[in-house]
Protein chains: 2
Amino acid sequence: MASPASSQPRGVYAAVLTPLSASYEPDTALFVRQCRWLLDNGCDGLAPLGTTGEANSLSVEQRIRLIEAAAGSGIPMAKFVPGAGSCALADAVKVTKAAVAAGAAGALLLPPFYYKNPSEDGLFAFFSEVIQRVGDARLRLYLYHFPQLSTVPITAGLIARLMKAYPDGTIAGLKDSSGDWANTARLLKEFPGFGVFSGSEEFLLANLRAGGVGCISASTNVTAPLARPVYLAWQEKSADELQKALTEVRLVLQSYPMQAALKQVCAAIHGEPAWLNILPPNRPLPPAQASEIMARLSALPQMKALLGKAATKAA
Amino acid sequence: MASPASSQPRGVYAAVLTPLSASYEPDTALFVRQCRWLLDNGCDGLAPLGTTGEANSLSVEQRIRLIEAAAGSGIPMAKFVPGAGSCALADAVKVTKAAVAAGAAGALLLPPFYYKNPSEDGLFAFFSEVIQRVGDARLRLYLYHFPQLSTVPITAGLIARLMKAYPDGTIAGLKDSSGDWANTARLLKEFPGFGVFSGSEEFLLANLRAGGVGCISASTNVTAPLARPVYLAWQEKSADELQKALTEVRLVLQSYPMQAALKQVCAAIHGEPAWLNILPPNRPLPPAQASEIMARLSALPQMKALLGKAATKAA
């Protein structure tokens with residue numbers, strides 16, 4: 001494997017939420033504003049159009065429009081790793097090409113997730129076709145391991161096979177959203193230098209200390225300001241306390257349907273009700289849960305600064 | 001619920017396979033030929049672009065091209081119920097619109113299948129949005145229940161709610177691919193007059209006798225000539241023997257990865273090696289399995305006529 005470039009994505013990444021109009025069209029202006037806010041508030045980079053970004057609920061055209069809107073608005077593409085996966089080979093190629101053309105630092109690819117128990121051979125063929133059809137040496141692929149939703153795991157065997165076939169650094173890393181730290185730890189051990197992100201900031205510190213590159217998380221749309229100090233201090237003992245405060249917030253957020261919960265909290269933080277729109281089959285939080293999550297977050301001292309601003313904006 | 005029109009889809013339907021070029025582009029000419037062959041060899045109708053048709057491995061454009069190719073080639077649209085589902089609302093709307101515009105008798109819709117355990121509310125919102133955005137009184141929706149692949153069941157509660165909201169016959173029927181006959185029987189009892197197709201010809205006779213409308217099956221791409229007599233004789237006692245012979249073939253076919261097995265057998269029957277191309281993550285049958293399945297089918301007397309022709313063509 002090629003040694004990672006110094007510009008390799010690293011640190012706290014947010015799986016950027018996709019703001020939508022009431023008729024479910026992506027709101028590109030609000031999207032760019034969220035990208036900026038995240039980079040200004042603790043994020044080292046952005047991973048839009050994943051599970052959190054409702055990418056699979058969007059058409060290819062809608063997804064590419066968001067990538068181009070970010071690139072055209074000066075969001076630094078060196079910090080931009082959009083989701084580009086699809087069950088349809090032609091679609092995965094199209095979105096990945098758009099990401100590379102925009103100058104994105106990488107593309108995060110789900111395996112094709114409709115057919116169940118695909119063979120390693122079939123998954124290798126899929127990713128390999130994407131790489132060859134994109135046909136661009138700039139491509140940096142991040143494999144997206146999220147078996148709870150995709151139902152199709154990214155195995156060590158598949159990674160090894162892809163790395164062997166593409167030894168030029170194309171197979172750049174992986175997002176481990178399994179929530180299974182033992183799996184992340186195993187991959188870090190087996191593939192030193194591989195760009196492994198945890199899928200939750202709960203494992204940010206553990207990941208960095210085990211040789212990983214950071215986290216790509218849904219909830220850093222909210223917790224980025226708390227994740228930043230953990231990343232800055234990860235080599236120091238003080239990081240443990242910071243991680244504890246961060247994890248406490250994450251655990252509240254993940255006890256609700258994630259996309260809906262984060263859109264609820266974003267609507268409050270930014271004083272922007274458009275954030276509540278969410279594509280079916282996901283639904284907004286019911287009012288009782290919406291009040292409850294805000295009450296639980298407000299009760300956490302580490303959330304005071306962030307939600308204080310929200311209260312001011314809402315007033 | 002409106003009483004079903006006399007032209008309501010009924011009988012033996014094939015979930016038409018999608019022939020592909022070596023570079024995985026749909027072969028529209030071969031597709032139209034397969035549609036014709038099926039109608040000439042026992043099928044009452046065609047349900048392309050489902051699981052068997054690898055629809056989720058195809059882009060929206062590729063799917064629409066196949067629908068338009070069939071319509072433009074004179075395949076009778078009154079017997080045509082293409083799959084039109086997608087996780088992306090905009091895509092499901094686009095394909096469904098294309099099906100209605102082509103004059104198709106119906107559109108078979110998967111639920112959005114990426115997010116797991118969606119609420120009934122979220123699924124209702126999805127199908128309801130599709131219906132309203134298509135906005136065409138000609139639309140006849142067939143719900144696609146295939147929990148083993150979609151992971152998202154179509155429940156009786158959801159059907160009832162959709163029928164109540166759209167009492168004009170829009171919610172025309174369901175394909176039950178669960179393989180769970182008890183589920184089909186329950187639905188037939190609970191929704192009399194609802195157009196329920198079994199997902200396998202194994203249950204063709206039972207379905208018809210319980211008030212269902214027929215089967216939409218992957219394997220009727222091969223077994224249509226054997227399914228036809230069952231459908232013609234279903235009210236007679238002799239149908240049981242015919243069903244037995246049909247089921248025997250189905251059981252052989254379904255003991256292999258279904259799409260690959262059917263493409264293998266189609267390649268033999270039609271003497272057309274292009275049938276072997278299959279989109280990743282699916283893979284062609286390995287040579288040993290390919291020989292085995294042909295040997296097992298050839299050993300069945302009821303397959304003699306069909307495979308005899310194959311042997312002649314191959315020679």
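Modeller: Y13(B) is buried, with 29 other C-beta atoms within 10 Å. A residue counts as buried if 20 or more other C-beta atoms lie within 10 Å of its own, as exposed if 12 or fewer do, and as partly exposed in between, with C-beta atoms placed from the backbone. The model is predicted: local features need pLDDT of at least 70, side-chain atom pairs count only at pLDDT 80 or more, and totals for chains, interfaces and linings use all residues. Residues are numbered from 1 along each chain as its sequence is written, while chains are lettered from A and ligands numbered from 1 in the order in which they are written.

Y13(B) sits in strand β1 (residues 11–14) of chain B. Helices (H or I, at least four residues) and strands (E, at least two) are DSSP runs, numbered from the N terminus. Leaving out residues up to four places away in sequence, Y13(B) touches C43(B), D44(B), G45(B), L46(B), A47(B), V81(B), F197(B), G214(B), C215(B) and I216(B). Two residues are in contact if their C-beta atoms, placed from the backbone, lie within 7 Å. R186(B) is 173 residues from Y13(B) in sequence and 22 Å from it in space, C-alpha to C-alpha.

Now the helices of chain B. Helix α1 (residues 28–40) and helix α2 (residues 60–72) of chain B pack at an angle of about 55 degrees, their axes 9 Å apart. That angle makes α1(B) oblique to α2(B). Axes are lines fitted to C-alpha atoms, for helices over the stretch in contact, and angles run from 0 to 180 degrees between N-to-C directions. Angles under 35 degrees count as roughly parallel, over 145 as roughly antiparallel, 65 to 115 as roughly perpendicular and the rest as oblique. From α1(B), the contact takes T28(B), F31(B), V32(B) and C35(B); from α2(B), it takes R65(B), L66(B), A69(B) and A70(B). By class, the residues of this contact of α1(B) with α2(B) are six nonpolar, one polar and one charged. Ala, Val, Leu, Ile, Met, Phe, Trp, Tyr, Cys and Pro count as nonpolar, Asp, Glu, Lys and Arg as charged, and the others, Gly among them, as polar.

Further along comes helix α11 (residues 258–270) of chain B. At 1.5 Å a residue, its 13 residues should span 18 Å, and its end C-alpha atoms are 18 Å apart, which agrees. The expected span is 1.5 Å times one less than the number of residues. Of the 13 residues of α11(B), 11 are buried, so the helix is largely enclosed by the rest of the structure. Among them are L262(B), V265(B) and I269(B). G271(B) follows α11(B), with a positive phi near 60 degrees.

P281(B) is in the loop between α11 and α12 (287–298) of chain B. N117(B) also deserves a look. Its phi is near 50 degrees, a positive value in a residue other than glycine. Most residues other than glycine have a negative phi, and most peptide bonds are trans. N117(B) lies in the loop between β3 (107–109) and α4 of chain B. It is exposed, with 9 other C-beta atoms within 10 Å.

Next, the partner chain. In all, 32 residues of chain B are in contact with 32 residues of chain A. Helices α3 (89–101), α4 (120–134) and α5 (147–150) of chain B each supply at least two residues of the side that touches chain A. α4(B) gives the most to that side, with six residues. The side of chain B that touches chain A has 18 nonpolar, nine polar and five charged residues.

Last, chain A itself. Helix α2 (residues 60–72) and helix α3 (residues 89–101) of chain A pack at about 10 degrees, with their axes 10 Å apart. α2(A) and α3(A) are therefore roughly parallel to each other. A cis peptide bond joins P280(A) and P281(A), with omega about 15 degrees. T151(A) is not a glycine, yet it has a positive phi of about 65 degrees. T151(A) is partly exposed, with 19 other C-beta atoms within 10 Å.
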